[in-house]
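Colleague: Before I use this model, I would like to go through the labels attached to it. Please set each value against its cut-off.

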Amino acid sequence: GRFLKPDRTGTSLEELPAEEIRVKMAQLFRNLKKRSRVSSQKVSASSHSESAETVQLVENVREEDVLFGRVYEHVGNKRLREVVESMSVEYNSSTRGRKKEIADAIVAEMKRRGRFLKPTEDGKWAE
């Protein structure tokens, strides 16, 4: 699977580079830490990609897939949150370099199970 986001035109999707994926994983850990302190606080961030790749639509979404966007109840998304939560103590006490390694390990684990899918404007999913 790949991490994807809409391109600037909004008509296709582009793949996020590895560094932006690490930033997204770090964001998940920060959000988890903040939710444990203040349960009602919500945090969001945006990112921009310099390298782009056009992708194909996905026919069927599987339970193991992680869906980007505000899809909280999907099985794959719940699994990602469980993995992030299980690593949060180690992540929060680690050096910056180790944090990148942890984020990369989580991405690799999730890719073994499923795909990372992004919604398209017409309500479909793309890998």
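Colleague: How many helices and strands does the chain have?

Modeller: The chain has three helices and six strands, where helices (H or I, at least four residues) and strands (E, at least two) are DSSP runs numbered from the N terminus. This is a predicted model, in which local features need pLDDT of at least 70 and side-chain atom pairs count only at pLDDT 80 or more, while totals for chains, interfaces and linings use all residues. Residues are numbered from 1 along each chain as its sequence is written, and side-chain values use heavy atoms, leaving out hydrogens and water.

Colleague: What is the average pLDDT of the chain, and what share of the residues score at least 70?

Modeller: pLDDT is the predictor's confidence in each residue, from 0 to 100. The chain averages 78, and 80% of the residues score at least 70. Over residues 38–52 the pLDDT is below 50.

Colleague: Where does α2 bend, and by how much?

Modeller: At serine 86, by about 40°. That is the angle between axes fitted to the seven residues ending there and the seven starting there.

Colleague: Why are arginine 115 and aspartate 65 called a salt bridge?

Modeller: The term requires a side-chain nitrogen of Lys or Arg within 4 Å of a carboxyl oxygen of Asp or Glu. In this pair the closest N and O atoms are 2.6 Å apart, so the pair qualifies. Arginine 115 lies in the loop between α3 and β5, and aspartate 65 in the loop between β3 and β4, 50 residues apart.

Colleague: Why does arginine 115 count as buried?

Modeller: Buried means under 20% relative accessible area, exposed over 50%, and partly exposed in between, with a 1.4 Å probe and protein chains only. Arginine 115 has 12%, so the residue counts as buried. Aspartate 65 has 0% and is therefore buried.

Colleague: What separates glutamate 101 from arginine 98?

Modeller: About one helical turn, because the two are three residues apart in helix α3.

Definitions and conventions. Contact = heavy atoms within 4.5 Å.
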